[in-house]
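Visitor: I have a model open and would like to go through it with you. Can we start with the pockets?

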Amino acid sequence: MNDVLAHLDTLRRPRLLIRAARIGLQEYRRDLHLRRLLSCGGTWHSGKALHALIELEETLNLQRREGAAAYSACRHVDILIAMMAEARLLRSTEVADAAEPAP
């Protein structure tokens, strides 16, 4: 999973999108937002969800850069919020797993 997190660290997006996503991060509710964004009914492992979100975000970013009529800044911010939250969850899980003593 470190490769996914390293990929996120290298992303460069407009400051306004990132600022909006950071503000929205406070209101993120995983059960509601992932179901809506990924059109899923089941539970997602944070790594798998993050991969799916990254793919969606890359598509949206391409649309943004090309000036596509189908581009939605609101959806882009929603995806960025979910990516940030899932990355935070994944990092906290990795830290917790590393801190557990071996049996």
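Visitor: Which residues lie nearest the centre of the largest pocket?
Guide: Leu-8, Leu-11, Ile-18, Arg-22 and Met-84 do, out of a lining of 14 residues. Bear in mind that this is a predicted model.

Visitor: What volume does the largest pocket have?
Guide: About 390 Å³.

Visitor: And which helix gives the most to the lining?
Guide: That is α5, with six residues. The helices that each supply at least two lining residues are α1 (2-10), α2 and α5 (73-99).

Visitor: Let me step back to the fold. How many helices and strands are there?
Guide: The chain has five helices and zero strands, so the pattern along the sequence reads α-α-α-α-α by the DSSP runs used here.

Visitor: What share of the residues is buried?
Guide: Of the 103 residues in the chain, 36% are buried. The accessible surface is about 6800 Å², and carbon and sulfur atoms hold 54% of that surface.

Visitor: What about contacts between residues 24 or more positions apart?
Guide: Such pairs account for 69% of the contacts in the chain that have a separation of 6 or more.

Visitor: On to the core. Which residues touch the most other members of the largest nonpolar core?
Guide: Leu-8, Leu-34, Leu-38, Leu-50, Leu-53 and Met-83, in a core of 28 residues. Each of α1, α2, α3 (30-38), α4 and α5 supplies at least two residues of this core. The largest share is from α5, with nine residues. Leu-8 also belongs to the group nearest the centre of the largest pocket.

Visitor: Now Asn-61. Is it buried or exposed?
Guide: Asn-61 has a relative accessibility of 7%, so it counts as buried. Asn-61 is part of helix α4 (residues 46-66).

Visitor: What does Asn-61 touch, leaving out residues up to four places away in sequence?
Guide: Arg-13 and His-76.

Visitor: One more residue: where is Gly-24?
Guide: Gly-24 is in helix α2, which covers residues 15-24.

Visitor: Why is Gly-24 classed as buried?
Guide: Because its relative accessible area is 18%, and the cut-off for buried is under 20%.

Visitor: How far is the C-alpha atom of Gly-24 from that of Leu-80?
Guide: The two C-alpha atoms are separated by 9.3 Å, with the residues 56 apart along the chain.

How values were computed. Residues are numbered from 1 along each chain as its sequence is written. This is a predicted model: local features need pLDDT of at least 70, side-chain atom pairs count only at pLDDT 80 or more; totals for chains, interfaces and linings use all residues. Side-chain values use heavy atoms; hydrogens and water are left out. Helices (H or I, at least four residues) and strands (E, at least two) are DSSP runs, numbered from the N terminus. Buried means under 20% relative accessible area, exposed over 50%, partly exposed in between (1.4 Å probe, protein chains only). Contact means heavy atoms within 4.5 Å. Accessible areas come from the Shrake-Rupley method with a 1.4 Å probe; for residues, only the protein chains shown count as cover. On a 1 Å grid over the protein atoms alone, a cavity is a set of points where a 1.4 Å probe fits but cannot get out, and a pocket is an open set with protein on both sides within 12 Å along at least five of seven lines; lining residues have an atom within 4 Å of a point. Grid points are joined across faces, edges and corners, and a volume is the space filled by probe spheres set on the points. A nonpolar core is a set of buried Ala, Val, Leu, Ile, Met, Phe, Trp, Tyr and Cys residues joined through side-chain atoms within 4.5 Å.
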